[in-house]
Amino acid sequence: SEDVLSKDAGECAICLEELQQGDTIARLPCLCIYHKGQVFLRMHIKFQKVAFIGCIDEWFEVNRSCPEHPSD
């Protein structure tokens with residue numbers, strides 16, 4: 001299901017960027033969460049934001065299971 005993150009939640013296991021309050025996320029049945037929809041990478045060098053499609057959207061184009069629980 002799609003949701004908006006209410007508090008910071010560590011890093012996304014797919015892109016390794018921080019899951020931050022206000023990010024749009026997908027919560028899988030196993031309760032793992034990942035970026036969903038348009039995501040902005042926080043560039044550290046110039047403090048720019050670069051948009052890309054959500055991590056879990058790209059993952060599900062080639063996989064049908066949770067990245068952290070592939071046997072579920």
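The questions below ask why parts of this predicted model carry the labels they do.

Me: What makes up the secondary structure of the protein?
Reply: The protein has 1 helix and 5 strands. Along the sequence the order is β-β-β-β-β-α.

Me: What share of the residues counts as buried?
Reply: The share is 26% of the 72 residues. The accessible surface comes to about 5000 Å², and carbon and sulfur atoms hold 53% of that surface.

Me: Which residues form the largest nonpolar core, and what makes it a core?
Reply: The set has 12 residues: Leu5, Cys12, Leu19, Ile25, Ala26, Leu28, Cys32, Ile33, Tyr34, Cys55, Ile56 and Cys66. The label requires buried residues of nonpolar type, joined through side-chain atoms within 4.5 Å. β2 (24–27), β3 (33–35) and α1 (55–62) each supply at least two residues of this core.

Me: What does Leu5 touch beyond its sequence neighbours?
Reply: Leaving out residues up to four places away, Leu5 touches Leu19, Gln20, Gln21, Gly22, Asp23, Ile25 and Ile33. Leu19, Ile25 and Ile33 are also listed in the core.

Me: Why is the Arg27 and Asp3 pair called a salt bridge?
Reply: The N to O distance is 3.6 Å. The cut-off is 4 Å between a side-chain nitrogen of Lys or Arg and a carboxyl oxygen of Asp or Glu, so the pair qualifies. Arg27 sits in strand β2 and Asp3 in strand β1 (residues 2–4), 24 residues apart.

Me: Why are Arg27 and Asp3 called partly exposed?
Reply: Arg27 has 32% relative accessibility. Asp3 has 34%. Buried means under 20% and exposed means over 50%, so values in between count as partly exposed.

Me: How many salt bridges does the whole structure hold?
Reply: The search finds 2. Besides Arg27 with Asp3, Asp57 forms one with Lys36, and their closest N and O atoms are 2.7 Å apart. Asp57 lies in helix α1 and Lys36 in the loop between β3 and β4 (39–42), so this bridge ties together parts that are 21 residues apart in sequence.

Me: Where is Leu16, and what is its phi?
Reply: Leu16 lies in the loop between β1 and β2. Its phi is near 70 degrees, again a positive value in a residue other than glycine. Leu16 is also exposed, at 53%.

Me: Are Cys32 and Cys66 buried or exposed?
Reply: Cys32 counts as buried, at 10% relative accessibility. Cys66 is buried too, at 7%. Both values are under 20%, which is the limit for that label.

Me: Where does Val4 sit, and which residues does it touch?
Reply: Val4 is in strand β1. Beyond residues up to four places away, Val4 touches Gly22 and Asp23. Val4 and Arg27 are 23 residues apart in sequence, and their C-alpha atoms are 9.9 Å apart.

Me: What share of the contacts joins residues 24 or more positions apart?
Reply: The figure is 28% of the contacts with a separation of 6 or more.

Note on methods
Residues numbered from 1 in each chain as written. Predicted model: local features only at pLDDT ≥ 70, side-chain atom pairs only at ≥ 80, totals over all residues. Heavy atoms only, no water. Buried < 20%, exposed > 50% of the residue type's maximum accessible area, 1.4 Å probe, protein only. Helix = DSSP H or I, 4+ residues; strand = E, 2+ residues; numbered from the N terminus. Contact = heavy atoms within 4.5 Å. Areas by Shrake-Rupley, 256 points an atom, 1.4 Å probe, with all protein chains shown as cover.
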